[in-house]
Amino acid sequence: MNGRTKRLGDRILGGAMVAMLALMLAFLVTPLLVTCLLAFDSRSFLGPLPPPALSLRWFERLASLDYVATGLATSLKIALLATVIDVLVGTAAAVALDRGGFRGRGLLMAAFLSPLIVPAVVIGLALLLFLSRIGVIDGFTRLLCGHVVITLPYVVRTVLASLAGRDRRLTEAALVLGATERQAFWSVTLPLIRSGMVTGAVFAFAVSLDDVAVSMFLTDPSTYTLPVALVSSMRASFDLSIAAAAVLLMAVTAVLIIVLERFVGFDRLLGQGLFRS
Amino acid sequence: MSNAVEFHGIRRRFGAVAAVDDVSFSIAAGETVALLGPSGCGKTTILRIIAGFERPDHGMVSIGGRDVTALKPYERNVGLLFQHYALFPHMTVAENIAYGLRHRGTDKREIPDRVEEMLALVRLQGFGSRRPQQLSGGQQQRVALARALATRPGLVLLDEPLSALDAKLRQDLRAELKQVLAAVNSTAMVVTHDQEEAMSLGERVFLMQSGRIVQTGSPSEVYGCPGSRFAADFMGRANWIEARVTRRETGLAQAVSRSGLSLTVPHCDAEAIDICVRPENIVLSAADTSGPDGMVNSASGRILNVALLGATRQILVETSGGDQLLVMQANRVGDGLDPGKAVTIGFPVDACITLPAGNQAAASTSL
């Protein structure tokens, strides 16, 4: 093969890659754009795109719905509480798993991360049965338990990654300089895994805010999260206030991503949570 | 005060490998010792045992007359300069230096003064509020040194102190490191695989091989009188000539090499010997000029190749008997020592280091 055909091959391959990426992006972004457009549609029915005029009527309607306000309040409370619990428990668990040196470490790690793999329906049903068996029938407590279970793996994972990415010699340096293991943890290890903790917390918050499948099992008639409320209302009567709600949730997510990008750096979000100066 | 550090019969195994195999030594207070050996010889394990990161399986370690074998790192006052410095990235230079002072119970009001004092010692005044990432490699190394010395430890360990720096900077910092260590007058152990670093920093060299210390002595002793082929090869370049002793005189011996070269060497007991001649001890001159004067041992030969190193050249010479010898010569202008040139080489009796043939010290000597 001469140089020219080699170069041609490279160009074809490169072109195909770009085309594929563009297609994937279109596939991901188009529904979001359509939703945004629909949320501002001034018509009272679902008509062909584009809408003839724009308005905020669906946002107004959304604001007027009682169950949306109740659901949003519950969602935020649950997400915040679950995130706090996740960061405390998840960091402690990750530190223990990282230190290792005990039997069943692999099993424990698998258990902590299993909610990422086990289907949400299974988790929801299992939790419902288990919690009613031990006498927890309060909707809020049930939801909180469920959300901690499904969001904890995000914190455990990101903190584990930042622990793995840190330089262990820094802890040794602290010890040889006279710090006890506890002092070394607070003054050296913890500041170094902070970005992992923040990343995990943001993920946990977003996942909690978004969850439908597990929450569906754990709500009671007076305690429900926003996504659950929206899904039920959609079943009962479909209108475009659901698109408005989707736009609001997207806005929250976008803000979270911007926060992460500012404080942690987006490429570190999924890679190693190393210390950022 | 007696010995700053004592090792009594220390053993440490990792699985089937004896990383440290019955090592004993002592270091006098104020002395600087270089622990030298190839990678994997166990020198890092010794460092980690002294610092308290590893516990020996057997044996006793004492520092300043106190048995510290079972003590945690923070219960000993040892300073450690890490190979890659291990500076805390989330703290400023001053906070890094103050870390040891805070945790070793120095009076809070004294800390800022001590930090300034340490910064002055390593010539980094005004850098206290910088972050480690904002400093060059050489500056980071000096901060790490200041941090290690801030608590005035009875013993300072330096783990490959200069290996992370480039060659030119290394030479400057080596001199500076020596000055700083002398200024604080503390006992120090330099752990390194670089024999130049070991010889220039250490007042004594401990040469390690496969978990054991195979030779100790001043740098010139270990370099000039290696006790084994391994020691001779590890300390520097060596030409080896296998020979048999034919006649002995007072203090001298006559030997004939395998290739038929007659040599006069210092007295030795063995019959079959290996003779080591350092490349810098061989004098080389073009065959058409008057040969090297006063050299007992000489041979004629031909230059095979020349490697220019700047101020010096490494010249590989093949003798008429077929021996290949490496010669180190100053790089002088216009002496016409090019490949193919006929030359005469010569070296004095005391340039010959004789070892009994097959002296392999421990298991693996081929490097």
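**View 1. Salt bridges between chain A and chain B in the predicted model.** Two salt bridges are counted between chain A and chain B. In one salt bridge, the side chains of A:Glu181 and B:Lys72 meet at 3.7 Å, N to O. On the side of chain A that touches chain B, helix H7 (168-176) and helix H8 (181-210) are the elements that give two or more residues. That side comprises twelve nonpolar, five polar and three charged residues.

**View 2. The area buried between chain A and chain B.** About 1900 Å² is buried between the two chains, and carbon and sulfur atoms give 69% of this area. Within chain A, the residues that lose the most area to chain B are A:Glu172, A:Val176 and A:Leu177, together 36% of what that side buries. The contact involves 20 residues of chain A and 22 residues of chain B.

**View 3. The largest pocket.** This pocket holds about 700 Å³ of space. Its lining has 25 residues, and those closest to the centre are A:Ala206, A:Asp210, A:Leu249, A:Met250 and A:Thr253. H11 of chain A supplies the largest share of the lining, ten residues. By class, the lining divides into 22 nonpolar, two polar and one charged residues.

**View 4. The second largest pocket.** About 570 Å³ of space lies in this pocket. Among its 22 lining residues, A:Arg99, A:Thr171, A:Glu172, A:Leu175 and A:Glu181 are the closest to the centre. Helix H3 (66-99), H7 and H8 of chain A each give two or more residues to the lining, and H8 gives the most, with five residues. Nine nonpolar, three polar and ten charged residues form this lining.

Terms used. Residues are numbered from 1 along each chain as its sequence is written. Chains are lettered from A and ligands numbered from 1 in the order in which they are written. This is a predicted model: local features need pLDDT of at least 70, side-chain atom pairs count only at pLDDT 80 or more; totals for chains, interfaces and linings use all residues. Side-chain values use heavy atoms; hydrogens and water are left out. Contact means heavy atoms within 4.5 Å. Buried area is the accessible area (1.4 Å probe) that two parts lose on being put together, summed over both. A salt bridge is a side-chain nitrogen of Lys or Arg within 4 Å of a carboxyl oxygen of Asp or Glu. Helices (H or I, at least four residues) and strands (E, at least two) are DSSP runs, numbered from the N terminus. Ala, Val, Leu, Ile, Met, Phe, Trp, Tyr, Cys and Pro count as nonpolar, Asp, Glu, Lys and Arg as charged, and the others, Gly among them, as polar. On a 1 Å grid over the protein atoms alone, a cavity is a set of points where a 1.4 Å probe fits but cannot get out, and a pocket is an open set with protein on both sides within 12 Å along at least five of seven lines; lining residues have an atom within 4 Å of a point. Grid points are joined across faces, edges and corners, and a volume is the space filled by probe spheres set on the points.
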